[in-house]
Amino acid sequence: GRPPRSRYLFKHALIQDAAYQSLLKRTRQQYHQQVAKLLEDRFPDVVSTQPELLAHHYTEANCPAQAIAYWQKAGVAAASKSANVEAIDQFRSGLALVEALPDPRERAERELDLQMALGPALAATRNYADPDMGRTYARAWELCEQLGDDIRGFAALRGLQLHHYGAAELAKSQHVAEKALGVAERLGDAARIVGAHQALGAVLYSQGKLTEARTQLQLGLEKFDPASHKFPDWSGSHPALNCQAFMALTSWMLGYPDLARDEAMAAVKDAEALGHPLTLGQTLSHMALIPLFRRELSVGTDLAARAVHVCEEQNIGQWLGWAVCAHGWALSASGETEKGSAQIARGLASYGPGSTKHLFLALQADVHLTLGMPEAALASAIVGLEVVEKIEGAPGEAELWRLRGEALIAGAGTASEAEAAMQQGIAVARRQNAKSWELRGATSLAGLWVGQGRRTEAYDLLAPVYAWFTEGFDTADLKHAKTLLYELAEPAIAAEG
């Protein structure tokens, strides 16, 4: 055609690039702006389905306000389809243009919009400890304080709390969670209060403060309206379902294995009904541990395998390591020990420094013992206890001490060292009111004492712990303890007589 209505066809992309670069910058910008305006005026379907196309043209046209708006629309659309990797790129493209906005308040508002949208996408694809997530939410909170925005400030604090939680910085995480609860109560918003109690409960659980954690989680559920599944500006999985999941874990550790099973199955059912991949992946990963703790291997294996599938399919990096570790332990307990051990090692390598890492090191130690590798089991237990020391307490600390003792008995040390380790584990369990861990520790130590001929001491240690339980008598731990007590009962009574 004749200029200015000419159309150009290029035999190679490099020739097209050369022609494009030969245009004056101002001319290129004008063409991009014309294309964007034409799309807006005549192609509403393109505007609706491909906002990233308009974002690109407005970016190249040096129209930052319009470009930022479309980059945000593109990112939100991608995130709504769980295409979080693409969403991250699009939000960052918008952030790169913010400094070009002339008005300081508009600059802060638009940056906050993008940072708050970027945070959940990072939470869905990265380990919470990822520095990008920490920087994103720290900056968002700074902007919220600057703008006096409590509503988004709460969400920013939630994201920052998750970052510190994932980085095993539990004192910082608790401080931020308490600050978020104060903001939620100031707002008087029930949904945010649920979320704040859940966040605080999760941190307390991870510090081994099981009774206090359960109180916070229960307060969260009491505020939850089942008719509403939407929590505004919330980073991570659904907070009420998180309350359910953490309550199941605390129930088992506090000595209520049947209640834990019922709570776990209810949480899985609710997560399936919600239709939120991140929540489902996290819930399946968490709840796989309950049947595994109960030694119900078929149920635990199924939940763990489903967790791995969801996390891989949806690119949920934060919970994939957890799911892989749980599935590895399930395989090991089912007889595929070497395969399971390799899976746990892979899961640990991808998990990062999270506050729950010590539990997976306990699973690894357990598998090493099954493989007849006491030195390796001892090494895993020691590393796990080092993690516990760093975070100043953890819900699986007692089990690590017990496994350390079992490894020492199995050939990695002496009986006196093993007894000291098991005694330490029992003391930790009692301090945490963790009756299920105390039962395991007492059963292991009683077994050691039986081998030394100290049958009366073994009975006196184990009997009151077993007698405390009111449920779960069909679980492997309680059956094992009952069998040992039955064997000890007559000699103990005779000795006392």
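Okay, let's start with Arg92 and Asp132: they form a salt bridge, with the closest N and O atoms 2.9 Å apart. By salt bridge I mean a side-chain nitrogen of Lys or Arg within 4 Å of a carboxyl oxygen of Asp or Glu. Arg92 sits in helix α6 (residues 84-95) and Asp132 in helix α8, so the pair ties together parts 40 residues apart in sequence. Helices here are DSSP runs of H or I, at least four residues, numbered from the N terminus. The structure holds 30 salt bridges.

Quick caveat: this is a predicted model, where local features need pLDDT of at least 70 and side-chain atom pairs count only at pLDDT 80 or more, while totals for chains, interfaces and linings use all residues. Residues are numbered from 1 along each chain as its sequence is written, and side-chain values use heavy atoms, with hydrogens and water left out.

Now, α8 again. Helix α7 (residues 104-125) packs with α8 (residues 131-147) at about 145°, axes 9 Å apart; axes are lines fitted to C-alpha atoms over the stretch in contact, and angles run from 0 to 180 degrees between N-to-C directions. Asp132 turns up here too, among the α8 residues that meet α7, contact meaning heavy atoms within 4.5 Å.

Last, the second largest pocket: about 760 Å³, the space filled by probe spheres set on the grid points, which are joined across faces, edges and corners. A pocket is an open set of points on a 1 Å grid over the protein atoms alone, where a 1.4 Å probe fits, with protein on both sides within 12 Å along at least five of seven lines; lining residues have an atom within 4 Å of a point. α2 gives the most to that lining, six residues.

Definitions and conventions. Helix = DSSP H or I, 4+ residues; strand = E, 2+ residues; numbered from the N terminus.
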